Amino acid sequence: MTRRTSVGTFLKPMTALALLAWPVGVQAAKPLGDLTGDWRLFVDDYLVASKSRITRQYYAFKKHPDNPLIVPDKPWERDVVSCSTVLPTEDGTGYRMWYYCWTHKSEKHGSYSSYAVSKDGIKWEKPDLGLTPGPDGAGKNNVVPNCGSCIMHTPWTNDPQRRYLSVTGGRYHAAASPDGLHWKRISEDDIVRGGDVGFFRFDPNRGKFLALVKIGSVVSGLPRRSVGFSESADITSFPPLRRIMAPDDFDDRWVKAGTVQRSHIYGCPFYPYESMYIGLFWHYRADDEEEGYFHGPIFTELVTSQDGFHWHRQEGDRPPILALGKPAHSWDQGMIAAQSLIRVGDQLRLYYTGYDGSHDWLPFKSGIGLATLRKDGFAS
């Protein structure tokens, strides 16, 4: 089992400083989906002074037998649905999912933020919201206009129109909503400059918004996708990104000699978890031998942090915590993008997008699945 110890035992001064950064009243109004608490997990060696004759073992999330739970079955969804955020409902009677669907730019349809609901988090429905004429032209769709990804519930706000916040990818901008369905932009484009994959969270440990965004960098003489960091008290503007994660030589252990194949970090969703941070490291192995950039599988590893800025990789062979599907040609055998983590009782639920083909090998199909793990059960 994962061992843990109360942060109050070791780091009372640090805890006090973190609490001072919260907005007024936030302790009494935790956001939906909040994973923070007082525990420190021994998922890395931060609390370990020395060790010998001991090995850390990691545990993978177990995929749900009914996967995929959501598939493209609307005309405007075509081949791809991708999970953004899952949160409990405010009344505690079920769950809400924000996801998006997209088609290749050469096809007729475009990209749409969409919405699904569930009583148990397993069986999902796509309600007719009537918020926009949408791609069907009739308003009988589940499209949510002006909605971004990384939905954040902010119940402590004094502005009822900003009870929910989100950030749209690409040319990043922020949006606000009173209910998670009716959204209005609250910033111009480029609240932070980075690549097309980014993740934004409110961090109650620091009382700020954190951003982990894909950037380009050169590692071992080759251009690669890496991860940049920024933080801000204002979601509408972030300082320039600073690189905090990049592939290393061990990541390239699979590379065929004499080629420019290489590993990349395609993205890293992250969560303030208890009094530390958990990251879902998307390891992209670009296996095209001539360019090493455009084609290959993606799977998920675990990374951990004590401050959100300095991140620790797994020990040993860095086993996936969410591996590609088997056998070949299964629905999630090409790429896995693990993204939305929630806690249900003593269980962690990880909602992820699976693809039946590898990166840039269009056309591929996707679905949204679920994998579970015992609470705090990442390692022992």
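Reader: Is proline 155 buried or exposed?
Author: In this predicted model, proline 155 has a relative accessibility of 17%. Buried means under 20%, so proline 155 counts as buried.

Reader: Where is proline 155 found?
Author: Proline 155 lies in the loop that joins strand E8 (149-153) and strand E9 (164-168).

Reader: And which residues does proline 155 touch, not counting residues up to four places away in sequence?
Author: With those set aside, proline 155 is in contact with Ala29, Lys30, Pro31 and Arg163.

Reader: How far apart in space are proline 155 and arginine 225?
Author: Their C-alpha atoms are 35 Å apart, and the two residues are separated by 70 residues in sequence.

Reader: Turning to the chain, how many helices and strands are there?
Author: The chain has two helices and 23 strands.

Reader: What radius of gyration does the chain have?
Author: The radius of gyration is 20 Å. A compact globule of 380 residues would have a value near 21 Å, so the chain agrees with that expectation. The C-alpha trace spans about 65 × 55 × 40 Å along its principal axes.

Reader: What share of the residues is buried?
Author: Buried residues account for 53% of the 380 in the chain.

Reader: What about the charges: how many positive and negative side chains are there?
Author: There are 45 positive and 43 negative side chains, and the centres of the two sets are 3 Å apart.

Technical notes: Residues numbered from 1 in each chain as written. Predicted model: local features only at pLDDT ≥ 70, side-chain atom pairs only at ≥ 80, totals over all residues. Heavy atoms only, no water. Helix = DSSP H or I, 4+ residues; strand = E, 2+ residues; numbered from the N terminus. Buried < 20%, exposed > 50% of the residue type's maximum accessible area, 1.4 Å probe, protein only. Contact = heavy atoms within 4.5 Å. Rg over C-alpha atoms; globule rule 2.2 N^0.38 Å. Lys, Arg positive; Asp, Glu negative; His and termini not counted. Charge placed at Lys NZ, Arg CZ, Asp CG, Glu CD.
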